[in-house]
Structures are given as structure tokens and as C-alpha cells.
Amino acid sequence: MKYVLALIVGVLVGVLAAFALLVYNPLAGNRGLTPLAVSDQSLMQFNYSGVAAASIAYTNDGESTTKPHPAKVLQLWEAPVRRTDAMMTVLSDARGRIVGLGIKYMSDSEKTNIVNGDAIVDSVWHIVVPGRGTLFVEQTENHWGFLRDVVLPAHLSAADSWKGNWSGDMTAGPGALGTARVIGGSGEFAQRTAEAVESRTAKAYSTRQGAISVEGRIMIEMQALAADNDAP
Amino acid sequence: MFKTFIFGIVLGVVGTIVAVLFVPVVDQARENSVVTVATNGGSAEAFHINIPTDRIVVGAPGDTPTLPPGLTWPDELSTASADMYKLRNVHNAVIGVASRVVLSDAEQGDVVEWVLHLPARGSLYVGMDVDNVQDGARLGTLHRGTREFAKTQGAFSERWVAGDSNDELNRGKIELVSRFMSVAEQTSAVQ
């Protein structure tokens, strides 16, 4: 009997050790500096709130930590869309002025691989800037750093929440340098292509409400987009 | 007993790693794609949106009614409107989400664009030609496809199909049809 107990305890310790190894794997999750940060081209930056309640509308399967907003919005409960979040939000410039509308779709990717520290989300942005035109951003995001540094500590906390200062790039591809692909649809952006990086800054997170204080940014390299420098 | 304990640890570590490697963390549910061969090559696929049951968001400026209740449309976006829907295939199964944006611009003219997002397959970014309406359908072109649609080009159409005027839950549907061709196929067709 004592051998069986020793085996069970050993297996439990082994499982915990394996999870600790996966979560705190020093070789995974840290991508460092975004390639656009060292670009000498002008950047167009859009800011948005990462808090669902601050968006125009946010919906998902209704059972996730992040609650749909407004409360009566139609939820995505059907199997093919159950692992998808959809958000419609305002985009503002560096001065906080509303300059556009952003619609984002995010779906959990089957490329997710915990061993490599890849919590992959396939996402697209449809960006509408009145007076200027429209843009489409295609990207794969890696949420591993955010999950490991923000969400997991919140779950381990006795208060079921996390407070701190976390910043990181979410974009991990499909560009060769880990950047998103951008194509212009209309207006001054029509037919133009560019690269982009989406990043996130988190200050508070709750396991009951989801993001409490999270800001998002989309930086688009302007090189091929517009000849002038009147970026917001 | 100590050796058994150590064996248990090794078993636990190896078992967890193997489980994480071979059990998929994400397995998106799929509906069979209903694709037909288009007349002049390529493939055609039809989608539709039931109105009003598939409307997720109706966002518009001014006094236009919005959906869901409680949604507030920013004053700064007075020249834009955007709707978001659930997207269905010809078998009436929900397979994705879609949004339609209308941008009114006095200088550049009106812009109508769709983004269709099919979680297991990819996304489509389509620009509609506002003035190009044939047989009740507005025509447009694919600006960009992602993943499964990455190497495709082609045309797209939207059409309103009226339903039963006496049935509040069946006012009609928006019919969307894609006619895409792979880039390689299109190149060889031109040659």
C-alpha cells in the first residue's frame, strides 16, 4: 500500500513540476523589442481600451471571464464560433481624440502549443478612419506572456486579482519579423500595404471581471501607406 | 519506497509533457464547406445572414435605432455606420461572424466593406463597388484573404432577399456569394 501511495504522490509532484517547467520556461514567451520600435519610418498609432465595458460592443460565448457588453448583446454560443471573441471599439490618437472605429475578431488557434510557449490567437482588425479611409490588419497573436504574467498570478492570488505594470507585444506574425500584415481598402490607404504591431499595457486584472485596466495600441508603419506625415 | 516515489515523479513529468504535446489544446469545431465550381473556373460559396435573428450589433449615428439596447454610438463617427452579424452557410448553420461598414465621405465617395471571419478557416476582406448593382446584387472584390483564403482572388456579391413580411423573426436575409479563384489558377487562366 505504501508503494502505491509513494507512486501517487510522486506522480502528483511530477505533474506539478512539469507544469511549473512549462509555465516558467525561460526560453518561451519573451520576444523582446518590437521591430517597429527601431523603425525610422513614421508610425500611425491607434489606441483603444482593452476593457470590454469600455468598448462599443463586445461579445463571446458568454461563459468566458470577459463578459459581453452591452449585457443584451447576442452571444456566440454555436460550436464553430464558441472560441471567438468579437469587439467593436473606438480608436483614439495619442492625444486621446477619437479618430476611428475598430472591429476586431479573435479566434483561438489550433497552432497553440504550450510546450513552446505559444498561446496563439488568429485575429483581424477592420479599421475605419473617417476622412481618411479603411484598413485591414491580419495577425497571429501570442497571448502566452499575458497569460503567464497577468492572468495566472491573478488566479493564484488570494484576492483573485492582479495589479502591476505589464507591457508586451501581442503580435507574433504572420510577418517574418513577427509583425502583422496591413492592407488598405479605401481612401488614402487604398491598395497600400504596410506592417503593424499590436501591444498591450495592463495594470489590473480580475478573475471575475477579466481586464480592469488594460490599454491596447496598434502601431502601423507608414512607409508604404501614405506620402504625407499627417498621421494621427 | 523512495525509488517508487522517484519513478512516480519521472512518470508525472513525462506523462504531462506527452499529454500536452499530443492532446490538442484548441480544436475548432468545423462545418463542412459547401463549395461549388463556378462557371468560368474557380469556386463559389454562398453565405447568408438571417434578419433580424443574426444581428449582433447595429451601430449608426443620429436617431437611427441601434442594437443591442444600451449601445451608444460616438458622435465623432457620424459619417460611419457598422453592423455585426452571425454568418451562416447554405445549410443554415452558423459558421462565423461578419461585419459590414459604411463610410460616407463627400470627397472620396461612399465606402461599403465586409469582413467575414470564419474561425476554422480564415477571414475575408471585401470592398463593394457602391454603384455596381446587377440583378439586385451589389458586386465587390476581395481585397485580402487570410489562412485558407490567403492565395485567392475574386468577386463577391451582396443581395437583400425579402422574407415573410408578417413574420417578425423572418424579415429576410442578406445573401453573400463569393466567387474565388486561386492566384495560381488565375495566372494560368490568363496565360
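This is a short chat about a predicted two-chain model.

Biologist: What kind of model is this, and what pLDDT do local features need?
Modeller: It is predicted: local features need pLDDT of at least 70, side-chain atom pairs count only at pLDDT 80 or more, and totals for chains, interfaces and linings use all residues. Residues are numbered from 1 along each chain as its sequence is written, and chains are lettered from A and ligands numbered from 1 in the order in which they are written.

Biologist: How many helices and strands does chain B have?
Modeller: Chain B has 2 helices and 10 strands. Helices (H or I, at least four residues) and strands (E, at least two) are DSSP runs, numbered from the N terminus. The order from the N terminus is α-β-β-β-β-β-β-β-β-β-β-α.

Biologist: What box do its C-alpha atoms fill?
Modeller: Roughly 80 × 55 × 40 Å along the principal axes for chain B.

Biologist: How long is H1(B)?
Modeller: H1(B) has 21 residues and reaches 30 Å from first C-alpha to last, close to the 30 Å expected at 1.5 Å a residue. The expected span is 1.5 Å times one less than the number of residues.

Biologist: Which residues of H1(B) are buried?
Modeller: Gly8(B), Ile9(B), Gly12(B) and Val13(B). Buried means 20 or more other C-beta atoms within 10 Å of the residue's own, exposed 12 or fewer, partly exposed in between, with C-beta atoms placed from the backbone.

Biologist: Why do they sit on the same side of H1(B)?
Modeller: Because they cover an arc of only 125° around the axis. The arc is that of the directions from the helix axis to the C-beta atoms.

Biologist: What covers them, and what is on the other side?
Modeller: The cover includes helix H1 (2-23) of chain A. On the other side, Lys3(B), Val14(B), Val18(B), Leu21(B) and Phe22(B) are exposed.

Biologist: Switching to chain A. Where does Val137(A) lie?
Modeller: In strand S6 (residues 133-142) of chain A.

Biologist: Buried or exposed, and why?
Modeller: Val137(A) counts as buried because it has 26 C-beta neighbours inside 10 Å.

Biologist: What does Val137(A) touch?
Modeller: Leaving out residues up to four places away in sequence, Val137(A) touches Val124(A), Trp125(A), Ile127(A), Ala180(A), Val182(A), Ala196(A) and Ile218(A). Ala180(A) is 43 residues away along the chain, with 6.6 Å between its C-alpha atom and that of Val137(A).

Terms used. Two residues are in contact if their C-beta atoms, placed from the backbone, lie within 7 Å.
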